[in-house]
Amino acid sequence: MYSHLFGIAVLVGVCVGESAGRAEEWLRGLGERVSSTGAERVGFEEVSDPQKNTVPRKTPGVTFSPVMPTQIADPVELVDINPFFFDDVGLPLPSEPDEHALISSAFLAITSGDNTAIETYLPNAVPYAHCYTGWQFGYFAGQLGDGRAVTLGALDTGAHSNCEASEDSRSQPSFFELQLKGAGKTPYSRAGDGRAVVRSSIREYLGQEALFALGVPSSRSVACVRSLKEKVTRDKLYNGNLLKEDVAVVLRAAGAPGFIRFGSFEVESGKGRRGKAPAPNPVKLLESVLLLFSRGAHVDLTVAADWWDHVVAATARTVALWQCAGFAHGVLNTDNLAISGETIDFGPFGFVEHYLDSYIPNYSDEEGRYTYANQPEVVFWNLQKLSAALARMPAFFRVAPSPDQYWQAYNASFDAKMKAKFGLLTTGKDSKTEAPSSSGAPTSGVHTAESLARSNMCEDTVEHVERACPGMDLWAEKEPHTLSPARRAAEAMFVALRLTGCDLTGAFRTMRLLRVSAGGHVEGTDEFVREMVDRLCPTPAEYATLREREWRIRHQSPTAGGPVASHTDPNTKKTSDRSAWQAFLSGFIPILVADWERSRLPAEVYTEKRFQLMSAHNPMYIPRDWMLERAIEAAEKGDYTVVRHLRGIFRNPFSADQQADKLGYDRPPDAAAISNLVSCSS
């Protein structure tokens with residue numbers, strides 16, 4: 001069975017003795033743990049496509065279409081194989097070089113779509129493409145489906161999770177669905193070529209691993225390969241500038257129940273943009289999902305209701321964690337949301353750096369539907385669409401999402417994460433109204449929108465902020481005594497971020513500078529303000545570039561030319577930035593001191609515990625666009641060391657890395673880096 005391994009070993013010129021034997025044993029163990037995902041689902045044959053070809057077509061009544069990957073053209077190179085994924089599923093990659101080389105060669109073949117290798121190493125796999133529909137940018141799009149993705153099978157983790165919501169985002173699912181993205185045409189490719197390119201593949205490969213390491217539920221990266229011969233035509237910004245780009249494939253993994261989407265259950269729904277959608281068969285799919293959720297127990301309305309509660313809670317929690325991390329997905333259509341609550345489909349995603357509520361990572365989103373600030377509302381809208389689809393299956397489903405259910409789950413997760421990010425050790429309301437004396441404590445009152453914002457914001461942004469917080473009182477409460485200290489601090493923090501455009505990730509990490517000393521004094525305030533203003537807030541030129549980038553997206557202009565914020569005097573902006581962060585401290589210091597008093601800990605013990613908590617929840621490194629662009633540029637030239645280095649850095653984003661700091665990975669972008677644009681073109 002494993003003779004293919006020896007052929008690869010000879011080709012790459014490595015020892016085929018004991019090393020090959022151990023590598024063969026490892027690969028056999030992998031193969032034994034991978035089974036057919038479809039065979040484990042109820043009624044797979046009843047909803048399987050009777051046609052066995054990749055001709056694009058409508059597939060009424062079909063949920064899965066058996067299809068084999070189309071191998072990318074040789075020569076092919078391995079961009080990376082992710083050892084962290086295999087560590088997490090209990091299959092650590094061998095450290096011995098010859099063994100590692102043999103296994104890497106096997107994954108080079110599997111990921112490139114070599115069907116002989118797939119049949120050899122994953123003998124129980126039954127590859128298929130999944131049919132689904134979806135609402136895209138607010139419109140029903142008709143039949144969609146895996147147009148370039150082929151699921152290989154399910155990797156058993158040995159865990160016995162039924163996918164119930166967990167406070168630990170890294171809790172192990174019962175299996176991971178393995179899927180090749182960019183694996184060639186399927187019945188759902190429509191007019192596409194079934195391929196993905198290097199730039200989008202590397203963004204996904206690094207992005208999903210980074211988000212997972214930040215504690216946000218996410219699909220995982222297994223391996224990535226690139227063809228040195230095969231190219232496809234892409235229009236990167238949909239502006240008529242067609243380019244030939246190298247093809248790449250990502251082997252990715254999604255926790256149980258796998259890459260099942262909201263759109264997997266959305267059947268024929270009247271007229272969409274592309275006419276009526278032929279209905280897949282979601283009833284059988286729902287049966288299998290509920291059976292998995294109930295761990296094989298009898299499925300009834302109670303199980304269905306419990307499952308729905310899980311879907312709402314898991315989805316709300318993930319979105320809350322996105323907002324805390326500054327993550328913007330970019331394409332929150334119903335076909336891009338997984339019912340597991342995991343983040344999937346990393347296309348034109350981004351992380352908020354210099355802060356804008358209206359941050360749009362996706363150049364294709366000219367209406368701004370999927371801005372960072374809109375994400376919680378948009379996802380609730382998507383849940384309503386999923387509920388409407390499930391309501392068509394009365395034998396299983398009689399519930400619908402309520403705003404209270406969703407927002408309670410969202411707020412609970414948001415508040416818990418913010419409590420950790422601010423380093424607050426206790427719970428309870430804060431009744432203090434006066435700031436204690438402290439080293440460098442602010443003495444001025446709270447400032448107004450006119451004095452803080454006019455000089456560094458476009459008019460529409462100022463109006464947005466004034467609506468959010470009238471009078472620009474950072475600590476105003478619409479309903480006093482109802483918010484937790486962490487929520488009060490978060491709301492004030494985000495107002496200050498809006499006012500100053502400060503780097504979101506750096507701002508939260510800088511909270512570690514504030515220390516409570518004996519007697520309730522807070523030290524480090526001067527240092528905190530200097531760090532925010534001098535290092536993390538954008539210069540006038542950088543802020544102008546930030547607004548220019550937004551204008552280009554709104555007006556679908558790949559070149560500059562729009563009206564931007566005016567900052568003629570850098571000192572004026574520094575003064576207003578300093579005032580904003582002093583205003584933030586004026587309200588946060590009482591919260592911090594009250595938390596210390598409730599803890600009943602000595603000041604030095606409290607400060608150390610707080611420092612450790614914040615260090616574990618506020619990353620030093622995120623996948624900033626300019627870092628990803630550096631990895632892409634190197635990879636396109638055949639240098640994959642940057643990809644591998646970033647993959648290692650993102651695995652431990654909370655720990656300092658000397659080499660990363662030398663490369664500036666812990667700093668916000670400059671004006672040139674801010675202007676980068678990405679789109680749905682991939």
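In which loop does R190 lie? R190 is found in the loop between strand 8 (175-181) and strand 9 (196-197). The model described here is predicted, so local features need pLDDT of at least 70 and side-chain atom pairs count only at pLDDT 80 or more, while totals for chains, interfaces and linings use all residues. Residues are numbered from 1 along each chain as its sequence is written, and side-chain values use heavy atoms, with hydrogens and water left out.

**Overall composition**

The secondary structure of the protein chain comprises 22 helices and 15 strands; these are DSSP runs numbered from the N terminus, helices being H or I of at least four residues and strands E of at least two. Of the 682 residues in the protein chain, 60% are buried. Buried denotes under 20% relative accessible area, exposed over 50%, and partly exposed in between, with a 1.4 Å probe and protein chains only. The protein chain exposes about 25400 Å², of which carbon and sulfur atoms supply 52%; accessible areas come from the Shrake-Rupley method with a 1.4 Å probe. Among contacts with a separation of 6 or more, 76% join residues 24 or more positions apart, where contact means heavy atoms within 4.5 Å.

**Nonpolar cores**

A nonpolar core is a set of buried Ala, Val, Leu, Ile, Met, Phe, Trp, Tyr and Cys residues joined through side-chain atoms within 4.5 Å. The largest one has 124 residues, and those with the most contacts inside it are F265, W307, F422, M493, W581 and F584. Helix 8 (residues 301-325) gives the largest share of this core, 13 residues. Leaving aside residues up to four places away in sequence, M493 touches F422, A507, F508, M511, M532, W581 and F584. Another core, of 47 residues, lies apart from the largest one and includes I72, I118, Y188 and V222.

Helix 13 (residues 485-500) contains E491. E491 counts as partly exposed, at 38% relative accessibility. The C-alpha atoms of E491 and W475 are 7.9 Å apart, and the two residues are 16 residues apart in sequence.

**Helix packing**

The axes of helix 10 (residues 403-421) and helix 18 (residues 603-617) come within 7 Å and cross at roughly 125 degrees. Helix 10 is therefore oblique to helix 18; angles under 35 degrees count as roughly parallel, over 145 as roughly antiparallel, 65 to 115 as roughly perpendicular and the rest as oblique. On the helix 10 side, K417, K419, A420 and K421 meet L613, M614 and H617 of helix 18.

In helix 20 (residues 641-651), the buried residues are V642, V643, L646, R647, I649, F650 and R651. The partners against which they pack include strand 3 (76-81), helix 6 (198-213) and strand 10 (220-235).

**Backbone features in loops**

| Peptide bond | Omega | Loop holding the proline |
|---|---|---|
| D74 to P75, cis | near 0 degrees | P75: between strand 2 (64-66) and strand 3 |
| A256 to P257, cis | near 5 degrees | P257: between strand 11 (242-255) and helix 7 (282-293) |

F137 is not a glycine, yet has a positive phi of about 50 degrees. F137 sits in the loop between strand 5 (135-136) and strand 6 (139-140), and is partly exposed with a relative accessible area of 24%. R190, also not a glycine, has a positive phi of about 50 degrees, and counts as partly exposed at 43% relative accessibility.

Note on methods. Axes are lines fitted to C-alpha atoms, for helices over the stretch in contact, and angles run from 0 to 180 degrees between N-to-C directions.
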